[in-house]
Amino acid sequence: MLKKKYRLPANVRLGKAETISAKYFILKTASSSLPYPRFAFVISKKVDRRAVIRNRIKREMASSIQRLIDKVSPGKDMVFILKRSAVESMPLLARSVKDVFLQEGLSK
């Protein structure tokens with residue numbers, strides 16, 4: 001689980017967000033004035049109706065972010081909107097997150 005300071009509160013709205021599309025998720029990023037990044041994960045019931053599966057995917061994403069947290073650029077708010085393809089390939093989520101961070105310049 002991510003520490004509380006790294007979690008994006010539900011009431012925060014990303015104003016001018018940049019959208020990045022990947023195979024397993026859509027990533028929306030916006031700048032913030034904080035000295036650390038914040039993250040949120042959104043999984044619709046359309047992805048999978050079972051809450052157990054949706055929560056497992058959120059935990060997998062949070063653990064992959066936790067491993068990369070010190071390499072992520074500070075001052076960013078990020079929302080991961082997961083796609084249906086994420087259910088079938090949970091082991092590949094961490095690699096996909098790392099690849100997107102490197103390709104898009106979101107890491108230090």
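In the predicted model, I43 is placed in the loop that lies between β3 and α1. With a relative accessible area of 11%, I43 falls under the 20% cut-off, and therefore counts as buried. When residues up to four places away in sequence are not counted, I43 touches R54, I57, K58 and L82. One of these, L82, is 39 residues apart from I43 along the chain, yet the C-alpha atoms of I43 and L82 are separated by 5.5 Å.

The strand on one side of this loop, β3, is mostly covered, with four of its five residues buried. β3 is joined by five bridges to β4, a strand made up of residues 76–82, and the two run parallel. Along this pairing, R38 stands opposite D77, and A40 stands opposite V79.

Besides its bridges to β3, β4 has seven bridges to β2, and here the strands run antiparallel. Strand β4 is thus paired with β3 in parallel and with β2 in antiparallel fashion.

The relative accessible area of T29 is 3%, under the 20% cut-off, so T29 is buried. Leaving aside neighbours within four places in sequence, the contacts of T29 are K16, A17, E18, D77, M78 and L106. Among them is D77, the residue of β4 that R38 stands opposite.

The space left open in the model was also examined. The largest pocket holds about 360 Å³ of space. Its lining consists of 16 residues, and those nearest the centre of the pocket are R7, L8, F39, A40 and F41. Two elements, β3 (38–42) and α1 (51–68), each give two or more residues to this lining. Sorted by class, the lining has twelve nonpolar residues and four charged residues, with no polar ones. A40 thus has a place in two parts of this description, because A40 lies among the residues nearest the centre of the pocket and also stands opposite V79 in β4.

Technical notes: Residues are numbered from 1 along each chain as its sequence is written. This is a predicted model: local features need pLDDT of at least 70, side-chain atom pairs count only at pLDDT 80 or more; totals for chains, interfaces and linings use all residues. Side-chain values use heavy atoms; hydrogens and water are left out. On a 1 Å grid over the protein atoms alone, a cavity is a set of points where a 1.4 Å probe fits but cannot get out, and a pocket is an open set with protein on both sides within 12 Å along at least five of seven lines; lining residues have an atom within 4 Å of a point. Grid points are joined across faces, edges and corners, and a volume is the space filled by probe spheres set on the points. Ala, Val, Leu, Ile, Met, Phe, Trp, Tyr, Cys and Pro count as nonpolar, Asp, Glu, Lys and Arg as charged, and the others, Gly among them, as polar. Buried means under 20% relative accessible area, exposed over 50%, partly exposed in between (1.4 Å probe, protein chains only). Contact means heavy atoms within 4.5 Å.
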